[in-house]
Amino acid sequence: MRRVRHTSGTLTLQQTPAPTPGPGELLIRTEAIGVTLPAIRNLRTAGRTSGTEASAEAQGAAEPQPVSGEVAGTVEAVGPDVTGHMPGDRVTGLCFGDAYAELALLHTSMATPVPAHATAREAVALLRGGLVALGALETARPRPGETALITGAASGVGHLAVQLARLHGGAARVVAAVSDPSAKGSFLRSLGADAVIGYEDLGKPDVTAPASYVLDAVGGELLTPAVRTLADHGRLVAYSSGGGTVDAYELLIGGRSVTGFQVGRTARDQPDRYAAWCQELWRLHAAGTLRPAVAAALPLDRADEAHLLIQRRANLGKVLLIP
């Protein structure tokens with residue numbers, strides 16, 4: 001089979017034997033693979049090596065590393081003691097091993113059945129990003145009639161959050177914040193955004209009215225200006241892997257709050273809630289009211305292009321690899 005691995009900053013396509021599923025694992029013939037920003041950031045972090053390690057890498061001693069991601073496809077085989085899944089089942093989930101591959105191992109705890117109304121591409125574009133968006137939204141405790149502001153609004157998660165803020169949260173106004181409003185404005189307005197602003201306008205009261213809550217996908221230096229967009233008693237939910245710090249005074253002066261959200265923690269600690277979110281996303285998709293967008297679907301040997309699309313913030317929706 002073919003798979004892509006990461007070595008010293010480079011993505012390389014390899015030929016390798018198919019893996020064998022172990023206890024609790026499914027062997028998936030992938031039909032669509034989702035590229036995620038956290039996976040890209042993890043690769044960049046792994047590439048920061050010490051002088052000794054860099055010297056070893058220069059001599060070809062670096063071990064190729066697997067690239068994680070979302071996968072959707074058909075179960076080819078099941079591991080020992082696996083129940084509830086069988087060959088032929090259509091599933092999707094987050095693969096922490098070699099996701100960029102024609103055959104991938106998916107742990108049953110991460111596997112979610114794909115209903116008949118969804119294609120593999122739709123499943124990857126919808127489920128994981130939708131779970132993050134829906135979880136962050138519920139963490140913000142939305143009330144009908146409020147104003148929502150979504151950063152990273154054209155991303156795989158953000159474009160779903162823009163829709164869910166109104167569909168599930170009852171927002172009266174949805175503001176999308178992006179790196180390039182001129183390039184992304186039409187896309188986001190087609191999904192229901194009432195206004196699209198640039199990051200340079202975050203926190204400027206003459207640009208947009210204060211937000212009841214912010215779902216922040218960017219973090220870093222944008223976290224503080226995002227907090228400044230909040231109305232008194234407004235709530236910001238940070239779900240970005242970009243980090244960032246907030247001056248406590250910014251929270252004190254308006255009675256504002258900042259909360260972190262991580263979907264993996266909910267999956268582990270509140271499985272019933274996680275399952276309910278999955279069902280809600282499938283329901284909205286089946287009804288045609290929640291529309292996952294695919295920005296690009298590239299073959300495995302163009303994985304580097306897929307990464308560049310996300311790193312340059314050029315994608316409108318989810319970026320996929322197709323085996």
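Reader: Which residues of helix H5 are buried?
Author: In this predicted model, Lys-184, Gly-185, Phe-187 and Leu-188 are the buried residues of H5, which spans residues 181-190.

Reader: What do they pack against?
Author: They pack against helix H4 (158-167), strand S9 (173-178) and strand S10 (195-198).

Reader: And what follows H5?
Author: Gly-192 does. Its phi is positive, near 115 degrees.

Reader: Back to H4. At what angle does H3 pack with it?
Author: About 50 degrees, with the axes 9 Å apart. H3 covers residues 120-139. That angle makes H3 oblique to H4.

Reader: Is the crossing right-handed or left-handed?
Author: H3 passes H4 in a right-handed crossing.

Reader: Which residues make the contact?
Author: From H3, they include Ala-125, Leu-126, Gly-129 and Gly-130. From H4, they are Leu-160, Ala-161, Leu-164 and Ala-165. The contact of H3 with H4 has 9 nonpolar residues, 2 polar and no charged.

Reader: New topic. How many salt bridges are there?
Author: The count comes to 15. One of them joins Lys-318 and Glu-70, at 2.7 Å from N to O.

Reader: Where do those two sit?
Author: Lys-318 lies in strand S15 and Glu-70 in strand S4, so the pair ties together parts 248 residues apart in sequence.

Reader: Buried or exposed?
Author: Both Lys-318 and Glu-70 are buried.

Reader: What about Glu-76?
Author: Glu-76 forms a salt bridge with Arg-29, with the closest N and O atoms 3.2 Å apart. Glu-76 is in strand S4 and Arg-29 in strand S3, 47 residues apart. Glu-76 is partly exposed, at 38% relative accessible area. Arg-29 is partly exposed too, at 39%.

Conventions. Residues are numbered from 1 along each chain as its sequence is written. This is a predicted model: local features need pLDDT of at least 70, side-chain atom pairs count only at pLDDT 80 or more; totals for chains, interfaces and linings use all residues. Side-chain values use heavy atoms; hydrogens and water are left out. Buried means under 20% relative accessible area, exposed over 50%, partly exposed in between (1.4 Å probe, protein chains only). Helices (H or I, at least four residues) and strands (E, at least two) are DSSP runs, numbered from the N terminus. Contact means heavy atoms within 4.5 Å. Axes are lines fitted to C-alpha atoms, for helices over the stretch in contact, and angles run from 0 to 180 degrees between N-to-C directions. Angles under 35 degrees count as roughly parallel, over 145 as roughly antiparallel, 65 to 115 as roughly perpendicular and the rest as oblique. A crossing is left-handed if the near helix is turned anticlockwise from the far one by less than a right angle, and right-handed if clockwise. Ala, Val, Leu, Ile, Met, Phe, Trp, Tyr, Cys and Pro count as nonpolar, Asp, Glu, Lys and Arg as charged, and the others, Gly among them, as polar. A salt bridge is a side-chain nitrogen of Lys or Arg within 4 Å of a carboxyl oxygen of Asp or Glu.
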